[in-house]
Amino acid sequence: MESCGKEEPKGPVLHIVVVGFHHKRGCQVEFSYPPLIPAEGHDSNNLPEKWKYLPFLALPDGAHNYQEDTVYFHLPSLNEEMKCVYGVSCYRQIEAKALKVRQADVTRETVQKSVCVLSRVPLYGLIQAKLQLITHAYFEEKDFSQISILKELYDHMNGSLRGTTLEGSQVYLGLSPRDLILHFKHKVLILFKLVLLEKKVLFYVSPVHRLVGTLMTVLSLFPGMIEHGLADSSQYHCKSSISETPESLDPVRISPSAGELNPKTDSKTDINDATDGESSAFDHSDNHTSVADQSQPSASPQNHLQPHPPSHTSPDSSESDWETLDPSVLEAGEGSEGSVKHLEAESGEPITVQPKSVTGQGQLTQGLVSGLEEDQYGLPLAIFTKGYLCLPYMALQQHHLLSDVRVRGFVAGATNILFRQQRHLSDAVIDVEEARIHVDDPELRRMLSLSTADLRFSDFLLKHVTENREDVFLDGTGWEGGDEWIRAQFALYLHSLLASTLQQDNEKLLADYSSAFISAWKITHNYRVWFSNKHPAMAEITPGHPFQGQYSVADVKLRLSHSVQNSERGKKLGNAVITTSRSVVQTGKAVGQSVGGALTSAKSAMSSWFSTLAQPAVTSPAPDSTASKQ
């Protein structure tokens, strides 16, 4: 079954697949071009073992509730190369009575199908734009046996995308950080830090296109992440037997191209298990794997500092250490001074990024440790490697990955309520609809607490996005306050953060990023991999937080506003104030109406009484006197 994928593909598009819903067999592949299994035909329902979740990803849960939808998903590669397969699926449904040719297996009132593109390049928005047009035309035929248009789609996409480079705005088509900031506001930086800490992050919302758009927009804030950082983001294992235990798994040996780390699970697999103490959450084993024939140059214009590796093993289990770099990789730079001059914090204008051409950022090189294509700053960070998954959409059939011991973390999206109900399997659950971040672990909440400088940075972005500027168009194509400008600000933030970690006596610099966050980040896989290599271009980056400086009254107001808007007590207090204000207004109106009505009645009664007193009494003549006169 896995013979497919070994042949060199002709272009960036691997397959065009049609997935339908069968009334007896459920979701199934109905057509594939070229065939998913070369030995079988285009209409075969069989799948390679590694792609057995494809039908459930292309045709998502609850699809019948929407007329159309779009899904981004990732599949593991069928060969041994460290490459991810990027899937884009366009779903539609049509009434069965509208079909010109109704097949025998169509027994329901509606027909649900998805047209899917499996690609080797992460051009989600560009592929989606082309695929939506073809899917609409395919459904307009009202005869699903007409597959010629799908074969033409395969040839057209391979022809048009063959020379496409992963640079420029076409990579981020459909991903709007501007809309993300307008919705999440200051919490966008918390999402950014959650990914840096390599936590188990679950996004939840319906429909799917909103879910995957939000998740991928967060990842687009990391320089080079979508272009080159997701190559190893889907190397998961399909559900295996219960008898398979972590001890039976073979450790991954270290090689310069594959990585430096030993695959075990993080000690914080379950949030409830991390409440014994703050230090136990970050204990790591000192059992290091050997590095085969790898040495670091002893003389370099810029050397790194030793990041205080852990010195003891967690007493709980062997799963407390997922990976640890060999000390020899880091000792090469110990004891030498960095070439970047330490800069004191200034209280003047914040450092903001200026426009840079993509061609001026240097040529990409293969990372010796991460295996990813990196720029001269060592970016993208090796976050989605060694068992840390990126699953923009996660089917219910993949639920076991949340508790798989071989998965040390994930950034995943789900629409099924079962994922949200089992919050203990995730470190953070992001409710996209309400723009809320649910974190049960108090230690993690302390790490994610934004510093004053962080709040200034977030407020700076929010003000530029919300202000009505003439150079910002509705589609966010302007520079200042636009999508590219926002990504540039986060690139500056990350560059400054990395440069600050290279300074001697950098506690003051790093405190602006939150000391708790820095302590947790320095023991993550992505930071250790980045720190183990030399990046001479970092000498050009000014260390320190872009918004460092002295405290002011504005900072106190900003902190108070952030606390009221984001803390549970603040929200309850805000709701209570709003409710009380409404009650006071309503009570005032009611009292005014009651008092006003009483005064009016009293005034009317008094006026009537006074008018009665003022009028002379009218006496009727006595009947006797009248009779006597007659």
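These are my notebook entries on a predicted model, from the whole protein down to single residues.

**Ground rules.** I number residues from 1 along each chain as its sequence is written.

**Overview.** I looked up the secondary structure and found 18 helices and twelve strands (DSSP runs numbered from the N terminus: helices are H or I with at least four residues, strands E with at least two). Of the 630 residues, 51% are buried (under 20% relative accessible area; exposed is over 50%, partly exposed in between, with a 1.4 Å probe and protein chains only). I then checked contacts (heavy atoms within 4.5 Å): among those between residues at least 6 apart in sequence, 75% join residues at least 24 apart.

**Core.** Which residues have the most contacts inside the largest nonpolar core? They are Leu 54, Leu 118, Leu 196, Phe 384 and Trp 521, in a core of 146 residues (a core is a set of buried Ala, Val, Leu, Ile, Met, Phe, Trp, Tyr and Cys residues joined through side-chain atoms within 4.5 Å). Apart from that core lies another of five residues, Val 369 and Val 529 among them. Back at Leu 54, I listed its contacts beyond four places in sequence, including Val 17, Phe 73, Cys 116 and Leu 118.

H5 (residues 187-196) has ten of its ten residues buried, Lys 187 and Lys 193 among them. Just after H5, Glu 198 takes a positive phi of about 60°. H12 (residues 483-501) reaches 28 Å from first to last C-alpha, close to the 27 Å expected for its 19 residues (1.5 Å times one less than the number of residues). I found H12 largely enclosed by the rest of the structure, because 18 of its 19 residues are buried.

**Phe 184.** Beyond four places in sequence, Phe 184 contacts Leu 191, Thr 214, Ile 430, Val 432, Ala 435 and Arg 436. The C-alpha atoms of Phe 184 and Glu 434 are 8.8 Å apart, although 250 residues separate them along the chain.

**Leu 396.** I ended in the loop between strands S9 (388-391) and S10 (409-414), where Leu 396 is found. Leu 396 counts as partly exposed because its relative accessibility is 30%.

Terms used
This is a predicted model: local features need pLDDT of at least 70, side-chain atom pairs count only at pLDDT 80 or more; totals for chains, interfaces and linings use all residues. Side-chain values use heavy atoms; hydrogens and water are left out.
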